[in-house]
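Please examine the sequence and the three-dimensional structure shown here. The explanation after them is meant for a reader who has not seen this structure before.

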Amino acid sequence: MKTILVDAVDTFIIEGEGVFEEMHNLLDKYPNKKIILTNANDEQMKIFGLVNLPYTLFTLKHKPDKTDPNYFKIMLKHFKLGPKEVIYFEHNNEAVKSAQSLGITAFHYNANKKDLVSLKKFIDANL
């Protein structure tokens with residue numbers, strides 16, 4: 001069963017509001033493991049409210065950022081996963097390309113539109 005990798009800030013976490021509950025409800029419909037990915041350091045974790053989340057949180061504290069494929073190499077190794085064992089959605093197109101460069105199936109999520117219909121289609125088509 002594939003793991004769903006979820007972008008944190010501006011996707012799962014809406015700055016100033018907290019968890020995007022409609023997305024949380026959608027993701028909870030899938031029995032798959034979910035991991036929230038962020039670049040945040042300790043100070044940013046507090047600022048963005050990346051505490052007490054419903055899923056495991058992973059960060060490398062900007063060493064490197066998700067726009068660097070090494071972020072995903074390290075993350076996959078940490079969780080003992082291969083690129084074909086995960087799917088990923090993210091608001092930053094450069095981070096999407098970074099993940100895709102390693103063979104991870106990734107989707108650019110439009111954070112402005114909050115298009116959960118397209119996100120659900122991506123998840124359903126790729127799990």
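The paragraphs that follow treat a central strand, a pocket and the aromatic pairs in turn.

This is a predicted model, in which local features need pLDDT of at least 70 and side-chain atom pairs count only at pLDDT 80 or more, while totals for chains, interfaces and linings use all residues. Residues are numbered from 1 along each chain as its sequence is written, and side-chain values use heavy atoms, with hydrogens and water left out.

Helices and strands are DSSP runs numbered from the N terminus (helices H or I, at least four residues; strands E, at least two). Strand 4 covers residues 34-38, and five of its five residues are buried, so the strand is largely enclosed by the rest of the structure. Here buried means under 20% relative accessible area, with exposed over 50% and partly exposed in between (1.4 Å probe, protein chains only). Lys-34, Ile-36 and Thr-38 point one way from strand 4, whereas Ile-35 and Leu-37 point the other way.

Two strands pair if DSSP finds at least two bridges between them. Strand 4 pairs in the parallel sense with strand 1 (residues 3-7) over four bridges, and Ile-4 stands opposite Lys-34. Strand 4 also runs parallel to strand 5 (residues 56-59), to which four bridges join it; there, Thr-56 is the bridge partner of Ile-35.

Of the 18 lining residues, Val-9, Thr-38, Asn-39, Lys-66 and His-91 are the closest to the centre. Strand 4 and helix 2 each supply at least two residues of this lining.

Aromatic rings of Phe, Tyr and Trp (its six-membered ring) pair if their centres lie within 6.5 Å; planes under 30 degrees apart count as stacked, over 60 as edge-to-face and the rest as tilted. The whole structure holds seven aromatic pairs. Phe-58 and Phe-79 form an edge-to-face pair, 5.6 Å centre to centre with 65° between the planes. Phe-58 lies in strand 5 and Phe-79 in helix 3 (residues 69-79), so the pair ties together parts that are 21 residues apart in sequence. Both Phe-58 and Phe-79 are buried.

Technical notes. On a 1 Å grid over the protein atoms alone, a cavity is a set of points where a 1.4 Å probe fits but cannot get out, and a pocket is an open set with protein on both sides within 12 Å along at least five of seven lines; lining residues have an atom within 4 Å of a point.
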